[in-house]
Amino acid sequence: MKLDLHEAFQNPGHEFSPIPFWFWNDQLTNEEIKRQIHEMDDKGVNGFVLHPRIGIPKDIGYLTDAFMGYVKVAVQEAKQLGMSVILYDEAMYPSGSAKGMVVKRHSSFASRGLQAVELPCEVEKEHTIDLTEEDRLIAVFAAKKIAENELEPDSIQELEPHEQTVRFDAPQDDGRWVILAFIETNSGGNIRGIHFGEDDGEEHAPPSADLLNPEAVKAYIELTHERYYDVLQDEFGQTVIAMFTDEPDIVGRNAKEGIKPWTGGSFTWYEQYGGKKSDLPALWYDVGIETASIRKRYEQAVYQRLSTVYYEPLSRWCEEHGIALTGHPAESDDIGLLDHFQIPGQDVVWRWVAPEEGKGITGRHSTAGKCSADAARHRGRRRNADEVLGVCSKKGGWDLSPGDMKWYFDWLFVRGVNLIIPHAFYYSIDGKRRSHERPPDVGMHSSWWPYYRFFSNYIKRVSWLMTDSVNTTKVAVLCRENHLPWEMVKPFYEQQIEFNYVEEALLLSKAEMAAGLIQIEAQSYSTVVIDGRYLLEEKTKQQLRDWIKQEGTVITVGEERIVEGAIIVATPEEGANRLIESEQQTVRLNPRCPDIRISHVEKGDRFFYLLVHEGEESFNGTVTLRETGTVELWDAWTGTIEELGQVKEVSLTLHRRESIILMVDPNNRESIIRDPEPIKEPIKMIELNQEWTVTGEAFEKQTTALQSWTEWPQMTYYSGTLTYRTTLHLQEMIAKAVIDCGEVEEIVKLTVNGEEIGVKMWAPYSFEVTGLLCEGENVIELAVTNSKANEMDRLALPSGLIGPVTVEVFGSNRYISGIM
């Protein structure tokens, strides 16, 4: 078993590969499609999401025979290489329109919404409500306004319209009375198309479809899914593994201002989900203490309708055709809408989540990784996927660094994501409308592409670890189907208290609660933490009260006692301290480090700790584990495994952008207990401040002053690789040494005496060269690749070897200081 785990970790299968969006955005040819597929396979990328994107010429119409011919070529080539293909269910995004063909089939299938039209009550007793041919009058009310967005609750009264007129005699008081007409209308929304002229704001942007209308969704499936199946049915469930649906938008992009989701031309659908006609004013105005509960009821009705009418039929179709439904809903915390996904998903885009300013654990979008992972855990789904990296650079262009890319992958993994969908590999970067459409290309046109196998192997290893494993936390954080509380869990992250989000609906429908434990699928919880601001269903409160009597623990954060018998804490920090006191901290770090995240899983009969550094300052200290047994240190970046012996406290150095896995075998307690090696300081530092020869394509320069090459003539906007070469003369071989390159912008490959030592893509740029520096002359070469943004965005970002470059000597201090 142990050897099998080692082999599986070091050489994971293709199923754990990153599966990037592959943007088809230009003139397609069979030859280029095949070439790029082989490029991906060569770099360890064993799958792709076939994503039509803006830039495809108009003579390759969406879902036409010409388009599907190229699709078939791609799938057949992937099959030959043992790769997986995920189909994308739209021409660009958001999903549900089939590039406007749904609306073309029937105009009534256009996306719909509800508008509130406010008419002042003046002298007229009769008021005319203007309606277009597409409009439907749903309800009319009269009410007295007490503020711009506030109504007096007792004044609200429904009026009976006669065709387009309504009569109302306003009371003769000092109040401001208004007529409120609620009108269902076309939302005016669109999706983004795949041909130039079809983007947002352009004349031919395809109209969005009514995703709350079963007939519109049926047409969508017939036009899209059935078309793919007709052409590729032999590969469904084999090479074709899933269909990706992308952030369906009920009213579409660029919809009319203030419009809210609606459908059906009447009030009937809302009543089916428990809604009341009297709810409507509260959707736009404050109507007193019932406002929040009414809006919650409306949101739940829309959610249930979208889930039942859109997601469920797509899921059923995929299941019946041997593939999975994957993708993600529109919002980062739409966890309830993932119910019908065989591979629940989310997306991390626009640098809303980022290494700087605490964005990794702050704000609504910081919940996206947990959203997909916890949806999967509580629904018994083996995989969950996150689309990541779209417009995630600091400046919004091509300036994404490989270090930040690694940070995003780790951010997802430690939250439980186990299928990475990089956004995106571009088929073409010809012209700015292609190259800068949601940049950057993180694949074949990127600066790190020659080294991408490092990322592929890393992604496979950690995806393997997080698949078919059970998360061990006993802490559940209660959430709503469309809201995951982030403020409350921020100190949990900072103090290494792992938790999972559990929806209130799942607690009621799926949880087994007995003997102080809550069981949902393979997850088991002894503590539930609740945001004290939540409006819980009465049956939820009763269920939790009963569970508390069975020795379950409920903690509410805030001043309100929303569940009788719960422990009340005033702040999230107090909640974290309470969990630590009850031994719910996953690991203990000494010294404390609020930037390290933790995930603790059981896989087979072993326990694994995944530690990820999300900050900037190195951690040097100890990690105290829960279990006793033989401990091994697994490095997913290199694939190396080191046995540490039988220890409960592990000495660890973890730098920025690094992660490490600690494996505990509780069945093996006979290992030798090893004393941790003390951290040694170098006894001597040699600075390589002599002359360097710098060469590149049609470039050569000698310099003793290392600086950004953007300072050199004609190199300001150069993106590429330059090689720096120098020599170091030693009187004898150095037993142990480290070459520290100092500042590098931004990828460096080190070669010593003709032997390639390794590649570093983020700071610290240091290489151990023990036994490699010999007596006499040593040739040191550093091949440095800068950011692609210098070329693509015309940015003069610091580039090259900036240094200082030093050799840190450990052990013997006899050497020649003269350097040539």
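What volume does the largest cavity have?

Guide: Happy to. Please keep in mind that this is a predicted model. The largest cavity has a volume of about 110 Å³. Its lining is made up of Lys370, Val414, Arg415, Phe492, Tyr493, Gln496, Ile497, Glu498, Phe499, Arg597 and Ile598. Two elements give two or more residues to that lining, namely α14 (490–494) and β28 (596–603). Sorted by class, the lining of the largest cavity holds six nonpolar residues, one polar residue and four charged ones.

The count of cavities of 30 Å³ or more comes to six. The second largest cavity has a volume of about 50 Å³. Around the second largest cavity you will find Ser332, Asp347, Val348, Val349, Trp352, Val353, His365 and Ala368. By class, this lining has five nonpolar, two polar and one charged residues.

While you have that stretch of sequence on screen, look at tryptophan 350. Tryptophan 350 is not a glycine, yet its phi is positive, at about 60 degrees. You can find tryptophan 350 in the loop between β14 (345–348) and α10 (368–377).

Now for an open space. The second largest pocket contains about 640 Å³ of space. Its lining counts 26 residues, and those nearest the centre of the pocket are Ile250, Pro261, Val302, Tyr303 and Glu331. Elements giving two or more residues to this lining are β12 (260–261) and α9 (291–320). Helix α9 supplies the largest share, with six residues. The lining of the second largest pocket divides by class into 13 nonpolar, four polar and nine charged residues.

Helix α9 also leads us to the packing of helices. Helix α5 (residues 214–223) packs against α9 at an angle of about 25 degrees, and their axes are 10 Å apart. An angle under 35 degrees counts as roughly parallel, so α5 is roughly parallel to α9. The crossing in which α5 passes α9 is right-handed. On the α5 side, the contact is made by Pro214, Val217, Tyr220 and Ile221, while α9 brings Arg305, Val309, Tyr310, Pro313, Leu314 and Trp317. By class, that contact has nine nonpolar residues, no polar ones and one charged residue.

For another helix pair, turn to helix α3 (residues 65–80) and helix α6 (residues 225–232). Their axes lie 10 Å apart, and the helices pack at an angle of about 55 degrees. That angle makes α3 oblique to α6. Here too the handedness can be stated: α3 passes α6 in a right-handed crossing. From α3, the residues in contact are Asp65, Phe67, Met68, Val71, Lys72 and Val75, and they meet Arg227, Tyr228, Val231 and Leu232 of α6. The residues of this contact divide into seven nonpolar, no polar and three charged.

One more pair is worth a stop. The axes of helix α11 (residues 402–413) and helix α13 (residues 452–465) come within 11 Å and cross at roughly 10 degrees. Helices α11 and α13 are therefore roughly parallel to each other. In this contact Pro402, Met405, Lys406, Phe409, Asp410 and Phe413 belong to α11, and Tyr452, Phe455, Tyr458, Ile459, Val462 and Ser463 belong to α13. By class, the contact of α11 with α13 has nine nonpolar, one polar and two charged residues.

The peptide bond that runs from histidine 423 to alanine 424 is cis, with omega near 10 degrees. Alanine 424 sits in the loop between β16 (419–422) and β17 (425–426). A cis peptide bond also runs from proline 439 to proline 440, with omega near 5 degrees. Proline 440 has its place in the loop between α12 (432–435) and α13, and α13 is the helix that meets α11 in the contact described above.

Definitions and conventions
Residues numbered from 1 in each chain as written. Predicted model: local features only at pLDDT ≥ 70, side-chain atom pairs only at ≥ 80, totals over all residues. Heavy atoms only, no water. Axes fitted to C-alpha atoms, helices over the stretch in contact; angles between N-to-C directions. Helix = DSSP H or I, 4+ residues; strand = E, 2+ residues; numbered from the N terminus. Parallel < 35°, antiparallel > 145°, perpendicular 65-115°, else oblique. Contact = heavy atoms within 4.5 Å. Nonpolar A, V, L, I, M, F, W, Y, C, P; charged D, E, K, R; others polar. Left-handed = near helix turned anticlockwise from the far one by under 90°. 1 Å grid on protein atoms, 1.4 Å probe; cavity = no way out; pocket = protein on both sides within 12 Å on 5 of 7 lines; lining within 4 Å. Points joined across faces, edges and corners; volume = space filled by probe spheres on them.
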